[in-house]
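Let's take a walk through this structure together. Have the sequence and the 3D view open side by side as you read.

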Amino acid sequence: MHRNESKFFGVLFKTVLIALIMLTAVSCSSSAEPVADVPAPEEPVAEEPVAEEPVAEEPVTKEPIIFGMAAPMTGDAAEYGTQLERGVRLAVDEINAAGGIDGRMVELEICDDKCDPYEAALCAQKLTSSTDVIAVIGHVCSSCTLAAGPIYEENGLTAMTVSSTNPEVTKNGWTQVFRTVANDGMQGPLIADLAVTKLGNSKVAIIYANNDYGKGLYDATEPEIIALGAEVVAVETFAPGVDKDFSAQLTKIAREEADTLVLLTDYSEGGLIVKQRVAAGLGDISVIASGGNSHQSFIDLGGEGAEGVLFLNYFDADYPNDLVQEFVTKYVALYDEKPATEIAPYGYEAPYIYKAVIEKGATRETFSEVLSTIKYVGVTGTTEFGPDNDVLNKGQFILIILDGMFTSYVP
């Protein structure tokens with residue numbers, strides 16, 4: 001090897017060696033210190049949960065339950081309507097005070113039928129056209145129920161009468177019309193039994209109203225009197241709401257020497273007849289009046305002629321029964337008089353019967369179907385219906401006017 005080559009390789013060796021030493025120093029320096037400050041990662045922060053908006057529940061409906069009521073609120077038979085409204089409102093107020101029916105308040109929509117068939121048909125049309133009315137309480141007069149019945153039937157709206165006693169009311173095959181009071185088929189025989197069997201009389205005269213109520217009751221009474229061996233010596237009639245003078249009819253009856261006068265009338269004419277009978281010479285004979293006369297107005301109109309008159313009635317305010325006396329006490333507290341007729345107590349039961357129907361899930365469309373299954377025990381006894389929607393097993397009472405008051409009759 002030449003000297004110059006030796007020198008060259010020596011310089012190269014030193015150069016490489018220095019480079020290696022510097023590279024090692026840099027490597028050691030890099031491992032001891034970071035090249036740059038890198039911030040440590042932050043701890044994850046838990047997010048606050050977002051409260052979900054509550055899902056609004058469907059509100060329970062608080063719309064009122066509306067019962068229709070059809071009755072004579074004006075005219076000669078207005079006391080019928082007054083008695084019905086008193087009884088119905090007493091029950092409605094009690095139901096509402098206790099929280100209503102399924103939390104809904106009860107309201108009444110009242111239609112005045114004036115005890116006139118034409119007006120009754122108009123009421124039925126009005127009530128059936130209202131989709132808010134779930135069922136109707138009424139009518140009172142038999143002629144009105146018979147006129148309105150086909151309209152309720154056609155429109156599928158249930159109506160329940162508490163006082164229309166003509167037997168035909170439940171003989172039309174109607175599925176929507178119900179009756180809670182015994183029909184005249186029961187009262188007629190009881191009137192005959194009272195006159196002939198209990199009083200022992202044998203010459204009976206009859207005055208009846210020339211309407212569905214009077215004629216239906218006459219048909220149920222006159223044959224029974226004859227069947228018991230007595231004689232019907234005179235039969236007279238009149239136009240209700242028109243005739244006020246009955247002297248001609250009473251004079252004819254006096255000539256026949258009747259010992260019993262049977263009135264198959266409403267109170268407005270019945271009261272006038274018993275007042276006028278005294279002048280006709282019939283002041284001393286027995287007088288038996290049908291249930292339609294059991295009103296305070298009969299006493300007011302009849303005066304002294306009303307004293308001693310006997311009645312077949314569907315309710316006795318003196319009957320010793322807890323439910324009866326509880327009702328009478330409440331009624332007297334409100335109206336300062338005893339209920340003289342069956343219409344108020346039977347009317348009182350109607351909202352409670354309807355309450356039971358609704359609580360069994362009835363709608364307007366299924367109301368009659370559910371009502372036909374109801375068995376309700378109340379002031380007037382047990383209310384349940386036969387296949388013709390007529391009430392079963394309702395009783396009757398005999399009352400007498402003594403000292404100007406309706407009193408239980410004790411033979």
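What follows looks at the cysteines and then at the nonpolar cores.

Keep in mind throughout that this is a predicted model. Start with the sulfur atoms: with a cut-off of 2.5 Å between cysteine sulfurs, the count comes to two disulfides.

One of these disulfides joins C111 to C123, with an S to S distance of 2.1 Å. It links distant parts of the chain, since C111 belongs to strand 2 (residues 106–112) and C123 to helix 3 (residues 117–129), twelve residues apart. If you look along the S-S bond, you will find a torsion of -80°, and the link of C111 and C123 is left-handed. Both C111 and C123 are buried.

Now turn to the disulfide between C115 and C141, where the S to S distance is 1.9 Å. C115 sits in the loop between strand 2 and helix 3, while C141 sits in the loop between strand 3 (133–138) and helix 4 (142–155), so this pair ties together parts that are 26 residues apart in sequence. The torsion about the S-S bond of C115 and C141 is about -120°, so this disulfide is left-handed. C141 has a relative accessible area of 8% and, because buried means under 20%, C141 counts as buried.

How do the disulfides pair up when the bonded cysteines are counted along the chain? They follow the pattern 1-3, 2-4. C144 stays out of this scheme: it is in no disulfide, and the nearest cysteine sulfur, that of C141, is 4.8 Å away.

From the cysteines, let's move on to the nonpolar cores. In soluble globular proteins, nonpolar side chains tend to be buried together. Here the largest nonpolar core has 69 residues, and F67, L84, L261 and L371 are those with the most contacts inside it. Helix 11 (residues 343–359) gives the most to this core, with seven residues.

Which residues is L371 in contact with, leaving aside its neighbours within four places in sequence? They are T158, M160, F178, I353, Y354, V357 and F385.

Finally, look for a second, separate core of 21 residues, which includes L194, V196, I206 and I225.

Methods:
Residues numbered from 1 in each chain as written. Predicted model: local features only at pLDDT ≥ 70, side-chain atom pairs only at ≥ 80, totals over all residues. Heavy atoms only, no water. Helix = DSSP H or I, 4+ residues; strand = E, 2+ residues; numbered from the N terminus. Buried < 20%, exposed > 50% of the residue type's maximum accessible area, 1.4 Å probe, protein only. Core = buried A, V, L, I, M, F, W, Y, C linked by side-chain atoms within 4.5 Å. Contact = heavy atoms within 4.5 Å.
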